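Colleague: I am new to this structure. Could you take me through some of the terms used for it?

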Amino acid sequence: MRAVFASAYFAGDVQEVPPEDVCRLVSYCVNNNLQFVIGCDANAHNVVWGSTDTNTRGEELLNYIYSNRLEILNRGNIPTFVTRARSEVLDITLSSRNVAGRVWGWHVTDEVLSSDHRLISFKISFGRGEISTFRVSKNTDWPTYQEILNTEIEGLDRACNTPAEADSLADDLMNGIIRAYEASCPLVSGARRGSVPWWSCELENLRIRTRKLFNRAKNGGDWDTYKRSLTAYNKALRKARRSSWRNFCGGLEDVSAASKLQKVLSREGPGHISLLERADGSFTTSTQETLEVLMETHFPGSTVLPSGVSTPESDFSIPHRRELGRSRTIFTPERVKWAINSFKPFKSPGGDGVFPALLQRGLEVLSPLLIRLFCASYAMAYIPRAWRRVRVVFIPKAGGQPRSSAKGYRPISLMSFVLKTMEKILGHLLKEHFQLSPLNKAQHAYLKGRSTETALVEVTALIGKALEEKESAVGCFLDIGGAFDNTSYASIRNAAHKKGVSPPTIRWIMAMLSSREVFSEMGDYRVTVLANCGCPQGGVLSPLLWLLVADGLLTLLVEQGFEVVGYADDLAVIIRGRFDSTLSERVQVGLDLIQRWCDGEGLTLNPRKTTVVSFTRKRRSNVVAPTIQGTTLVLSEQVKYLGVILDRKLTWKPQTRHAVQKATKAMWACRRLMGKTWGISPRMAHWLYTAVVRPIVSYAALVWWRATNQQTVQAQLGTLQRQACLGITGAIRTCPTASMEVLLGLPPLHIHIWRCAYLGAVRVRWSEMVGSFATRRLQDTIQHFGIDSAGVLISDVMPEKMNFRLPFKVAIPSRERWRGGDLPLAAGVQAWYTDGSVIGGRTGLGVTGPRFSLALPLGSCATIFQAEVLAIDICAQELLRRGTKNARICIFSDSQAALKAISAFSHKSRLTWDCLNTLKALARDNRITLTWVLGHAGIKGNEKADSLAKLGAESLPTGPEPFLGLPKSYLERKVDEWVNTTKTSHWLRCPGLRQSKRLISPQGRARDMLSLSRINIRVLTGVLTGHCLLRYHLNKMGLGEITECRLCGGGEETAEHLLCDCPAAAYARFRHLGSGLLQPEALQRAATKNILAFLKEVGVFEVFFQ
């Protein structure tokens, strides 16, 4: 590989960026197939390469970088330009795409130079990788796996009463699973790292021919023939690369592939770690040193285990019969099934190599053995050796932290999924215990109904209350250093004892933590340690164990009168009052209290990670800065808490700026997947924006949405959405944003944020997990938008409840079994049929059985799903009313959704929960079976229930609606109706847009637009908005002098003239659009395909994408 290395200076007083010399260098390298790396003193700001803000030069330079498909090698946000007055990231390293994957270790050094610019260091490798073999787990032959697994585990049904027996059974079980997997998923060979998908035989032949001509030219002097061949080869090479990338992007048809690619393109760091800074300021020089620094940082006090040495055994006892009996009530088949199926199938495996799909696909035969192992492990407080190996991978932390620091990486523990299954079950047991012995209400992490939203609502409500009452509020925002890594086992054990956790559970948790063999690999080097403290990041129980420890601190602060909000190890202490002197004293008392608690638990309170902000509307605050460990803190103007920036007056300006910049960075990463006429399909581009980029800017909208009422904020949001619209449609740069939003069905971004804020307020309101003042603020938000509040007040949604006891059967026969008619029932079985129906927007249900028929109208608010569930509930209630006992009952329903919802482990609907409890009551004295029946297949009982349901739907209900709790879908439908109304009003109020408003319906045509190819959507967007490469618009942009229509030579060549009244196109207009002369408003109803066909026939289609 040939490569060019260059440095460039972009003069700050020259408007053009990059300089002409750089543009020529890039063009030369591209034309001559040269790879390149350019170090630039760019004098340009952009958050994409780590600057604190974005200026015009930065925007122009970024446009050039992406339009020429260059790569930015900068990592993190360490300043590259440092003076006494300021520090900023002004230097960027650019490269061609093929080189970017070979560069690693990019970092800004601390080496002292005579310049005010800091030295940038990186390494580059041009070597080829070796061919490797691996298995593609998603290509496993699952029937073969299950068949082999059955054979492998034969004979494993043996006793498990001692650690040796537990080890033996666990080893044999894991080995059997792995052997079955390896036999059903063959090895495949990986291509060399240097191979590429665009290389072809044609290119190979061209390269051989060019080399031969070069040798001839050296000997014979015929350089002209060689240069022509070299030019042809380079052109073919560039064409193959472009076509391959465009075909790849265009072939992304599923959202998971596009999402993964977007993450790769937007990643902040390289694929591997190198060159970490030690505590003394020096850098590591080898892979071995880097791995040792990472392990020492994240597993402090751990014991290094030499190769071949395992964890020393801890004390254990033969399990008592009572403990074994208790363990069997915990580890039931239903709980094991729920826990295993809760994992995503192809998550990365732990040290044993078993990923969840292997357990899920073999659950039927594995479940009894797993339960035996779980019961023995729990009763003996012993972890089998096969489960102890924990593989650790280090991933960069979010937020642009330095990649040269070991603390800039997060250690993720990949534990055995068999062990995680056991943790999941015990975690659910702990959460049930917390309902009897609740954690402090100030804790908002990892608990039902609580989230970052509830924490942010509580914090902003406390601060907002102080500002509204003309008081001040001092907020101390703390991050307890290394909480997960440094928490001692004694602290966890003591906290669990205080909270009343059962002794067997505590003993098992201590055994699980203390027996971990943590290993990590980097290159050919491996380090294994025995962890002596901390909770594994990635463990299922780890968050709950930290909550137990942190509960003591929260309780202590609340008892001392402090208002506290906690989210895991992020703590916010709010002190409100009128007098700054009193506030200063209380802040110091609170910090001293936290410091003493940390000292007692062996934890640290880092002053550098502690931020104190005085929230006030006063011009000057006299709050005295507190101290921690003799270090005086600096009062800050703002703080970032749980991803949201709170400024001292709660104006939200820094937050909106931060959210837009972060979303813009993600948007530019997505834009690399699409060009004007090539790339991923419009539908995929639309999904990437709505599912990946837009949630970044709307995060926590519930607390800051009022800032979007400002015109400046709406303009910032509009600029972001404009970039997305241009990327989706491929329209030219003058195309108006509002027109593209209507065509694509995208509400203006500030309206979308209002929608998110409303739904967030409702969600937190339903959780009932915030204080009274926060609840009033939520109610104000809900009422502000004037949306139908029935869905909020009369809701079917409830906090999640779990059910692992199902005293009745649920059967779902195949369709083929029903096609022959009714299934035969045993003698004496009562058959009941239920159904639901919707006619004309009204819902009804029907129930029929022995001596019973019911048709019940449910009105217009109930859904068909609710009708199906309520019909089953009414059937069970009728049987209870009759006092039915010792009977065999079969209830038939043609709704699989209803049957699966009733029999599910998790319930969030009051209706399904009530139906489940009714069926449980009926099953106490009867044998119940819920059976799915094929609808509309001539089954007599089902046809009768269907007729009754239709009769109920056609009947008028008695009394006011709603009769049932309204589902979440009802509220979302009302919110979407409000969004559409608000969006239409905004569209009609937009100034200008004369042609767009005449040709585009306010409802848009998003479905048709997103189904088009990239070329067609570019053409249609241009013609409907009038911003296209027709003569009239080119003249307005100063790119042409002629405005007359090229077809008729009469009127001005505008899109409206061409579509509606150009006489030369009358016949084509009549054929495709139904009339030789059209009013512009008629095109709002014209089919998309007909407009495109018309443009192609009149011969101007190609004009729109020249």
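Modeller: Contact means heavy atoms within 4.5 Å. This is a predicted model, where local features need pLDDT of at least 70, side-chain atom pairs count only at pLDDT 80 or more, and totals for chains, interfaces and linings use all residues. Residues are numbered from 1 along each chain as its sequence is written, and side-chain values use heavy atoms, with hydrogens and water left out.

Colleague: Which residues does I92 touch, not counting residues up to four places away in sequence?

Modeller: I92 touches I38, G39, C40, A42, W49, L61, I65 and N74. I92 lies in strand β6, residues 91-95; strands (E, at least two residues) and helices (H or I, at least four) are DSSP runs, numbered from the N terminus.

Colleague: Why does I92 count as buried?

Modeller: Buried means under 20% relative accessible area, exposed over 50%, and partly exposed in between, with a 1.4 Å probe and protein chains only. The relative accessibility of I92 is 1%, so I92 counts as buried.

Colleague: What makes V136 partly exposed?

Modeller: Its relative accessible area is 30%, so V136 is partly exposed. V136 is in the loop between β9 (133-134) and α4 (142-152).

Colleague: What makes β11 and β13 edge strands?

Modeller: Two strands pair if DSSP finds at least two bridges between them. The open sheet has 5 strands in the order β11-β16-β15-β12-β13, with mixed pairing. β11 (303-304) and β13 (409-414) each pair on one side only, and are the edge strands.

Colleague: How do you know that β12 pairs with β13?

Modeller: 6 bridges join β12 (residues 389-396) to β13, and the two run antiparallel. P396 has Y409 as its bridge partner in β13.
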